[in-house]
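Reader: I am new to this structure and would like to learn how its features are read. Could we begin with the terms and then turn to the cases?

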Amino acid sequence: MDSDEQLKYQIALTMLPGVGSVLARNLVSYCGSVENIFKKKKANLERIPGIGSERADAITNHAVFEKAEKEVVFIRKHKITSLFYTDKEYPLRLKNCEDSPILLFTRGNYEMNPERMVAIVGTRNATSYGRTITEQLVSDLAKYKVSIISGLAYGIDILAHRACLKNNIPTIGVLAHGLNRLYPLEHKATAEKMLKNGGVLTEFTTTTKFAATNFPARNRIVAGMADAVIVVESAIKGGSLITADIANGYNREVFAIPGKANEKFSQGCNEYIRLNKAALAENAAHIAELMGWNADQKTNLKKQYQIFRELTREEKLLVDLLKENGKTDIDTLTIKSGLPVHRISTTLLSLEFEGMLKALPGKMFELV
């Protein structure tokens, strides 16, 4: 199957009504591949948990193929990079989030898995205090060799991106729409400059309607791709606090810049510090100290995730079997583990992409 045909199936999967990223992964697990999903009979699809008759109809009638094919043409014409969640280049930090997108679209020149990634977010109504703090924070973070991610929105987001350009820091803007537009339009010139040392990223196709619900979805990518989220300014119910809450759910470090007690756009930060939802940070040194960063220290993200990520019950079971038996074929692993075949395949694939095991000819596997 050529790459365009494979991409068509991947895009079509994201366009299925009622099928989110979690259910999409289950479909791939049960069917063995994306293309197999669309080749299954309706009766077989209905037996997959969470699918049912209506979703099975949407899959088997192939109504999304025409839109998916047009999307492939757009992607190739504009030299957009697509990343499916099983691709080795897919962001490792994001891959470990249960609800992460199954497909990403990117433009630019940046490392998906840098040694250190920080998100800087905040109010769209940045005060002079917020501007000063953001510019100083970004400037001081430069020596720690970080990449900085944000949402390219008004206020703190765009200030962070522009400060990155000034300080030659790679910066990524996550969009709440497809790559056929840029919102807000006033930030287009900044986004174009970011393509040289950073870029833009989205999970949305060009046919996605511009809706308010896209923004929380965008925020989970910002949180999921970062080691730490820094909230510079926020009202008590600011949108950036959604990103902070998601980051806490992903077990990311969250920092908040404190402000005056009676200042509207510091109340959210102060409240999160008070509730221990965020650590107080006044400068880059405070962040580096809590993160355990040394300005000259180099890390290996892939190895960090191998060492520190807690294995799931199924992953641990298979790793233990491979430790005990050495090279083992998938049929033996299925029998000895007692796990369903689709779960075995998915778990082995996950471990392989994280570099913990390797696949050998004859459906054999061994630990690295």
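Author: Let us begin with accessibility: a residue is called buried under 20% relative accessible area, exposed over 50%, and partly exposed in between, with a 1.4 Å probe and protein chains only. By this scale K42 is partly exposed, with a relative accessible area of 29%, and E46, at 35%, is partly exposed as well. This is a predicted model, in which local features need pLDDT of at least 70 and side-chain atom pairs count only at pLDDT 80 or more, while totals for chains, interfaces and linings use all residues. Residues are numbered from 1 along each chain as its sequence is written, and side-chain values use heavy atoms, with hydrogens and water left out.

Reader: How many helices and strands are there in the protein chain?

Author: Helices (H or I, at least four residues) and strands (E, at least two) are DSSP runs, numbered from the N terminus. The protein chain has 18 helices and 12 strands.

Reader: What is the radius of gyration of the protein chain, and what would a compact globule have?

Author: The radius of gyration is taken over C-alpha atoms, and the globule rule is 2.2 Å times the number of residues to the power 0.38. For 368 residues a compact globule would have a value near 21 Å, and the 22 Å of the protein chain agrees with this. The C-alpha trace spans about 60 × 50 × 35 Å along its principal axes. Of the 368 residues, 53% are buried.

Reader: Which residue forms a salt bridge with K42?

Author: A salt bridge is a side-chain nitrogen of Lys or Arg within 4 Å of a carboxyl oxygen of Asp or Glu. The structure holds 11 salt bridges. K42 pairs with E46, the closest N and O atoms lying 3.9 Å apart. Both residues belong to helix α4 (residues 42–46), and their separation of 4 residues is about one turn of the helix.

Reader: Where do R220 and D99 lie?

Author: The side chains of R220 and D99 meet in a salt bridge of 4.0 Å, N to O. R220 lies in helix α11 (residues 214–224), whereas D99 is in the loop between α7 (92–95) and β2 (103–109), so the pair ties together parts that are 121 residues apart in sequence. R220 is buried, at 10% relative accessible area, while D99 is partly exposed, at 30%.

Reader: Which residue forms a salt bridge with R220 at 2.5 Å?

Author: That residue is E203, with 2.5 Å between the closest N and O atoms. This pair links distant parts of the chain, since E203 sits in the loop between β6 (198–202) and α11, and R220 in helix α11, 17 residues apart. E203 counts as buried, at 19% relative accessibility. Elsewhere, E5, K8 and E69 are linked in a network of salt bridges.

Reader: Is S240 buried or exposed, and which residues is it in contact with?

Author: Contact means heavy atoms within 4.5 Å. S240, in helix α12 (residues 240–249), is buried, with a relative accessible area of 6%. Neighbours within four places in sequence aside, its contacts are V121, G122, T123, V231, E233 and S234.

Reader: Is K363 buried or exposed?

Author: K363 is exposed, at 61% relative accessibility, and belongs to the loop between β11 (357–360) and β12 (364–367). Not counting residues up to four places away in sequence, K363 touches T328, D329 and I330. The C-alpha atoms of K363 and D329 are 5.5 Å apart, although 34 residues separate them along the chain. By contrast, E366 in strand β12 is buried, with a relative accessible area of 18%.

Reader: Which residues other than glycine have a positive phi, and which residues does a cis peptide bond join?

Author: Most residues other than glycine have a negative phi, and most peptide bonds are trans. Here K79 has a positive phi near 55°; K79 lies in the loop between α6 (65–77) and β1 (81–84) and is exposed, at 74%. N276 has a positive phi of about 60°; N276 lies in the loop between α13 (267–274) and β9 (279–280) and is exposed, at 69%. A cis peptide bond, with omega about -5°, joins Y183 and P184, and P184 is in the loop between β5 (171–174) and α10 (188–194).
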